[in-house]
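Q: I've got a structure open and would like to talk through a few spots in it. Can we start with a loop and then move on to the core?

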Amino acid sequence: MLTAQRDSLRLLRAILVASVVLPLALFSYATWLAHRANEANAELQIDKTRDIITEHALKIFESVQRSIAETGEIIRDMPDDAIRANENVLHARLKRLVSGSEQIKSMWIFDRNGRTLVNTLIYPSPETDFSDRDYFKVPMAS
């Protein structure tokens, strides 16, 4: 009879351990699966976002490059005096060009000494010297 009680106690202990270990193992496995699924979803979202940002940046650069090329075509072979003489026409044309682009806020045309010839913000263009600015010095040095 004593061995039957011991066997019963051993069985009850095994059931008790199994009732704790089995759910713990199942919850751990489910947590691991959910973590992997969340990681995969996050990676997918990051890839999609990176692709969207890359495409947007390329469109911005393309738009700016197109506007710069069009501006170059407008003033090609025009000496500084001719640009100054046609400032009102150039101001209006460049302003239309800028208004058609969300990425470009203003455009400026400088002479080779860094003085403003035309800009899209103010007409007539103020006599401002930009020759001391890095964005003017660096291209002129190369």
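Q: Where is serine 125 found?
A: This is a predicted model, and in it serine 125 sits in the loop between β2 and α4, the latter spanning residues 134–141.

Q: OK, and is serine 125 buried or exposed?
A: Serine 125 counts as buried, because its relative accessibility is 10% and the cut-off for buried is under 20%.

Q: What does the side chain of serine 125 join in a polar contact?
A: The partner is the side chain of asparagine 119, and the polar contact between the two is 2.9 Å. Leaving aside neighbours within four places in sequence, serine 125 is in contact with Asn119 as well as with Glu87, Thr116, Leu117 and Val118.

Q: Switching to the core, which residues make up the largest nonpolar one?
A: That core has 11 residues in all, namely Ile74, Ile83, Leu90, Leu94, Leu97, Val98, Ile104, Met107, Ile109, Leu117 and Val118.

Q: What is isoleucine 109 in contact with?
A: Setting aside neighbours within four places in sequence, isoleucine 109 is in contact with Leu94, Leu117 and Val118, and also with Thr71, Ile75, Arg115 and Thr116.

Conventions: Residues numbered from 1 in each chain as written. Predicted model: local features only at pLDDT ≥ 70, side-chain atom pairs only at ≥ 80, totals over all residues. Heavy atoms only, no water. Core = buried A, V, L, I, M, F, W, Y, C linked by side-chain atoms within 4.5 Å. Buried < 20%, exposed > 50% of the residue type's maximum accessible area, 1.4 Å probe, protein only. Contact = heavy atoms within 4.5 Å. Helix = DSSP H or I, 4+ residues; strand = E, 2+ residues; numbered from the N terminus. Polar contact = N/O pair within 3.5 Å; in protein donor to acceptor, adjacent residues only side chain to side chain.
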